[in-house]
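Have the viewer open as you read.

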Amino acid sequence: IGIAMLGVLLFGFFIYMQIYLVYFRAHPQPEWNTGISSAIQQAENVRKTGETITIVGDTHYSYIYPLFVLREDPAELRKTEQLYGKDVLGFTPVRSFSHYLFVESFENVLPNTLVIFQKDPRTFAIARTDGYGKISK
């Protein structure tokens, strides 16, 4: 029985490693927001002084991406954060910090800002909004 259990464990480990090392590398998961890192870096490179960068999408954890990508000090988050208030699960989503604003949809994008949004599950894009909050052509 001990050898059978070891065999099952080794087989399960082999399958896990196959999925992790082969499948996920070829098929990035949408939950991982593949491409947001480069979009944040591009937005920082073209950002005008005093301009807000708005990330459109799920606002529960969006603030983590700029912190991670830019290696921001979490103390900066705590000094400048504005919160939405607790959600039904008790989490406290961040509305903004520093020069970042996090909104659920384009209807909440402010005029004259730089916007990061997801074009498809693997691609993020950046654009500027005009004086009416619409994406500039």
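**The sheet**

Strands S1 (residues 53-56) and S5 (residues 114-120) run parallel, joined by three bridges. Ile55 has Ile116 in S5 as its bridge partner. This is a predicted model, where local features need pLDDT of at least 70, side-chain atom pairs count only at pLDDT 80 or more, and totals for chains, interfaces and linings use all residues. Residues are numbered from 1 along each chain as its sequence is written, and side-chain values use heavy atoms, with hydrogens and water left out.

Zooming out, six strands make an open, mixed sheet, ordered S2-S3-S4-S1-S5-S6. Strands here are DSSP E runs of at least two residues, helices H or I runs of at least four, numbered from the N terminus; two strands pair if DSSP finds at least two bridges between them. S2 (82-83) and S6 (123-128) sit at the edges with a single partner strand each, so one side of each has no neighbour in the sheet.

**A spot in S3**

Ser96 belongs to strand S3 (residues 94-97). Its relative accessible area is 11%, so Ser96 counts as buried (under 20%; over 50% is exposed, in between partly exposed, with a 1.4 Å probe and protein chains only). Beyond neighbours within four places in sequence, Ser96 is in contact (heavy atoms within 4.5 Å) with Thr80, Glu81, Gln82, Leu101 and Phe102.
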